[in-house]
Amino acid sequence: MEVAKLTDVTRIYKIGEVETRALNGISMTIEEAEFTALVGPSGSGKTTLLQLIGCLDKPTAGKIIINNEDATKLNRNQRADLRKGTIGFVFQFFALIPTLTAYENVELPLLLNGKNPTERKGRVMDLLESVDMLSHTHHRPDQLSGGQQQRVAVARALSTNPKIILADEPTANLDTKNGEQIMNIMQKLNQDTHTTFVFATHDPRVIKYAKRVITLEDGVIVGDSTSK
Amino acid sequence: MSKIIIMAFRNLGRNRRRSILSALALSVSLALLIFMSAFNRGQIRSSMETTLNLDSGHIQVRATDYDPDKLSVAWEYLLENPEQAAAQIEALDQVKVATPRLIASGIVSVQDQHSGVKIMGVDPASIANAPFIDGLVEGEFLTADDREGILIGYPLAENLKIGIGDQINLLVNTSAGSVDEQSFTIRGIFSTNSTAYDKAIVLMPIAKAQAFSGADKHASFIFVLLHDRDDAKAVAAALKNPNLQVETWAEMNDILVVMDEFSNAFILILGSIVLGITATVIVNTLIMSVFERTREIGVLTSIGMKGSQIMSLFLVEASFLAAGGIAFGLLVGWALSAYYGMVGIYFGDLGVTGILLGDRIYAYLTLEDTIKLTITALVITLLASIYPALLASRMEPVEALHGKN
């Protein structure tokens, strides 16, 4: 089943009179339960592609279908709704809300989805357990290490049972040990829950985890390989 | 919503000093405005009470041609049979007291010192004399049959260096247009706390004043006090007679009425300016907060928070700031007003003409002023927070995630 389908997607950024073509006619499909890496040098369009799949941005041209819904036809609030229930994000910077505890950070998307307190509590505890953070539920982000913060971020991304999780350089700010731990967690969740993972990276140690590797260069796909 | 409230509350704690200073700016402004308002209200109230109780009363009934500025005691300007008229007026339900008074101009002389005064003849038994009786500093009040006694104000006694039992010479302009002179003994010294008034008036029994000035059985006016001054118009209408002029306190003290209205407008304008400046502090705090949290706003939008929810977050933060600032401001403003309502602020004789002011002004805080200022402060703060909240809610997720404002 297709989770995301992009057809001839182009994204042009205009700064003053200068136009930068970040993506140029990309067409691709992401199937359910994929564990896909978007690779390529800096400026190749990896992050732009993730942002478009994540409905954080709109393409200049082309069509993006997410979970059978045409994201290019949605307004700002409709895209927020689509993100809320369908897409999870893990960012390069440890993007937790600093005023909330680990528990509350994971709970926030569930609150936005209108889940009841009992449902929320069970789900949050399960997720924190799955990323081995149960002992830190009441810690705020500034009381956690980078690796711990990123594990909470993964738990948060998974909280609403999204169809797809998009991770932008999730290990870039982590040391090797923590980076591997995060990748192992994501891989295990992918295998256990069949959640689709797409992560942008240029770290060869991360790429080795991917089942499918899409290579970008200058805004176009130059390679797409799947390992057995 | 509860999470938004928790987040908003905790966000204020991120830069505690800045939040406290912003709330404090609002507190200081509101406290200042509350105190200013109480001070103004106290000044007007004191002036109104002093003027009405001592000078004008709530209603004055005079002969048609009487001119209160000329103080003439010529019979054609005076009321005949004032006791009878006063008794009829006092029979009205709304009237607390009606008493005849005779006002003549004169000069007090003690050795080589002279001072121009108003000579006021009063019915010593009338309760309208309460401000003078209550304000007695020394001696005793007049009695109806006293033909030589006189009451003078404390500042006049000080100026002339005289005391109880001392003799003074008093010159009076008589109804015949001549001048008469007589010696009087000081029976009492009073203070109404209005120096300008107290140094320019002497009191004697009306019978003596009539005999001394040649006014015979006449009076300058009937001094009327009502149970409720708001009834003045109705009572004046009931007393209307072609042979009399009947004036209400508002007509006699138009300057006070204008002052009251002006004072309300002044507080409104001052309040708008002060709270407007405070609002810029709040806007600045919230804008700084928005810019500092740009990336966080990007994260919140990426997990599905809508613009309206982000706007609510900042509006709730502003509400907390406003609530804290207003609560503290109310407390300080109330405390200042209560303190200066008890001890007053001494100004002495301000030399203001046209109105009577006490030497000490007592702050008087009304619930209406407090509510008005509190609501104004709250509304201005919330209005000021709309722009930063909108700014946050309209951020593009992609740009916000990259920390671009």
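**Note on the predicted two-chain model**

1. In chain B, the centres of domain 1 and domain 2, taken over C-alpha atoms, lie 49 Å apart. Domain 1 comprises 2-51 + 256-401 and domain 2 comprises 65-241; such bounds come from an automatic or database domain assignment.

2. The model is predicted: local features need pLDDT of at least 70 and side-chain atom pairs count only at pLDDT 80 or more, while totals for chains, interfaces and linings use all residues. Residues are numbered from 1 along each chain as its sequence is written, chains are lettered from A and ligands numbered from 1 in the order in which they are written, and side-chain values use heavy atoms, with hydrogens and water left out.

3. The contact between the chains (heavy atoms within 4.5 Å) draws on 27 residues of chain A and 25 residues of chain B. The size of an interface is often given as the accessible area lost when the parts come together. Here the buried area is about 2,300 Å², with 62% given by carbon and sulfur atoms; this is the accessible area (1.4 Å probe) that two parts lose on being put together, summed over both.

4. Three salt bridges cross the interface of chain A and chain B, a salt bridge being a side-chain nitrogen of Lys or Arg within 4 Å of a carboxyl oxygen of Asp or Glu. A salt bridge joins A:Glu104 and B:Arg10, whose closest N and O atoms are 2.5 Å apart. On the side of chain A that touches chain B, helix 1 (46-53), helix 2 (76-86) and helix 3 (102-112) of chain A each supply at least two residues. Helices (H or I, at least four residues) and strands (E, at least two) are DSSP runs, numbered from the N terminus.

5. Seven residue pairs are in polar contact between chain A and chain B, both residues being at pLDDT 80 or more. A polar contact is a pair of N or O atoms within 3.5 Å; within protein, one must be able to donate a hydrogen and the other to accept it, and residues adjacent in sequence count only if both atoms are side-chain atoms.

6. Chain A has an open, mixed sheet of six strands in the order 6-7-8-3-9-10; two strands pair if DSSP finds at least two bridges between them. Strand 6 (87-90) and strand 10 (220-226) of chain A each have a single partner strand, so one side of each is left without a neighbour in the sheet. From one strand to the next the twist averages 20°. Helix 5 (residues 146-158) of chain A packs on this sheet, touching strand 6 and strand 7 of chain A, and its direction makes about 170° with that of strand 6 of chain A. Axes are lines fitted to C-alpha atoms, for helices over the stretch in contact, and angles run from 0 to 180 degrees between N-to-C directions.

7. Four strands of chain A form an open antiparallel sheet in the order 2-1-4-5. Strand 2 (18-31) and strand 5 (69-70) of chain A are the edge strands, each pairing on one side only. Helix 1 of chain A touches strand 1 (2-15), strand 2 and strand 4 of chain A, at about 120° to the direction of strand 1 of chain A.

8. In chain B, nine bridges join the antiparallel strand 2 (residues 95-110) and strand 3 (residues 113-122). Their hairpin has two residues between the strands, and B:Gln111 takes a positive phi near 50° there. Strand 3 of chain B also pairs with strand 8 (residues 201-205) of chain B, in the parallel sense over five bridges, with B:Ile119 opposite B:Val202.
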